[in-house]
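Please keep the structure in view while reading.

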Amino acid sequence: MKHQARKRFGQNFLIDQQVISRIISSINPQPEELMIEIGPGQAALTSPLLQSGAELHLVEIDRDLAETLRKRLLLYPNGHLHITDALRLDFAGLLQDRRFRLVGNLPYNISTPLLFHVLQWQSQIIDMHFMLQKELVDRMCSSPGGKAWGRLAIMVQYHCEVVRLFNVPSTAFSPAPKVESSIVRLVPHASPPVEISSMPKFRQLVTQVFNHRRKTLRNCLKGMLEVEQIEALGIDPGLRPEMLDLASFASLSRLMD
């Protein structure tokens with residue numbers, strides 16, 4: 001029986017073979033590598049990844065799909081199936097602290113929390129290749145001064161180099177989503193691009209200002225930082241948050257110690 005895509009799991013299955021080939025070429029999997037695929041679905045990427053000889057761990061929440069994947073893995077001793085929610089998975093525990101690569105056609109409804117979840121293991125991740133909603137990748141790749149610049153871009157760019165590889169039309173999926181998609185490559189920085197003294201405080205500050213992004217820094221940081229402290233950094237407290245770059249947010253967060 002043909003599997004019916006489930007809205008609650010955000011399922012849109014990749015069916016365009018040209019797109020699949022282009023993604024695999026971008027990933028360039030090698031036999032000696034350790035890889036995790038989040039949401040393998042109907043194995044569009046899974047099969048060529050397995051054929052590369054890489055050690056591949058599949059993370060699938062849908063038990064019906066998992067049963068089909070289990071049968072496919074009988075042909076591949078290098079494949080391993082984990083029926084679980086990626087949002088709850090301890091990636092370090094799964095792979096005994098080995099370094100790994102991440103791949104996935106991520107469900108649009110959980111993309112942002114899933115990105116923040118996997119970034120906990122930044123030091124173990126070699127790179128990530130994800131299919132995401134184009135609008136989300138637009139935000140991740142954005143620069144200061146535009147409406148797309150915000151918490152997502154700042155936090156992801158603090159952790160990783162972000163490279164959009166190519167866009168994917170909705171016709172490449174079944175069922176076709178109502179939005180375009182993009183393939184993005186995330187490569188964790190070997191060392192942070194800016195200095196922060198406390199990740200919780202940096203995260204708190206960025207969240208605070210973009211929860212009130214239409215206000216000026218003077219107003220959205222009231223109770224956290226004094227105007228004189230902001231001015232001492234050479235930052236105009238009359239600016240709105242989207243005008244500040246990553247280094248400025250890092251400097252402001254260091255004042256919170």
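## Charges and basis of the model

In the protein chain, the mean positions of the 29 positive and 25 negative charges lie 7 Å apart, where Lys and Arg count as positive, Asp and Glu as negative, and His and the chain ends are not counted; each charge is placed at NZ of Lys, CZ of Arg, CG of Asp or CD of Glu.

This is a predicted model, in which local features need pLDDT of at least 70 and side-chain atom pairs count only at pLDDT 80 or more, while totals for chains, interfaces and linings use all residues. Residues are numbered from 1 along each chain as its sequence is written, and side-chain values use heavy atoms, with hydrogens and water left out.

Of the 257 residues, 49% count as buried, meaning under 20% relative accessible area with a 1.4 Å probe and protein chains only.

The chain has eleven helices and nine strands, which are DSSP runs numbered from the N terminus (helices H or I, at least four residues; strands E, at least two). Helix H7, residues 151-159, is mostly covered, with eight of its nine residues buried, including Leu152, Val156 and His159.

## The nonpolar cores

A nonpolar core is a set of buried Ala, Val, Leu, Ile, Met, Phe, Trp, Tyr and Cys residues joined through side-chain atoms within 4.5 Å. The largest has 31 residues, and Leu102, Met140 and Leu186 have the most contacts inside it. Strand S6 (residues 125-133) gives the largest share of this core, four residues. Apart from this core lies another, of 26 residues, among them Ile23 and Leu73.

Key:
Buried < 20%, exposed > 50% of the residue type's maximum accessible area, 1.4 Å probe, protein only.
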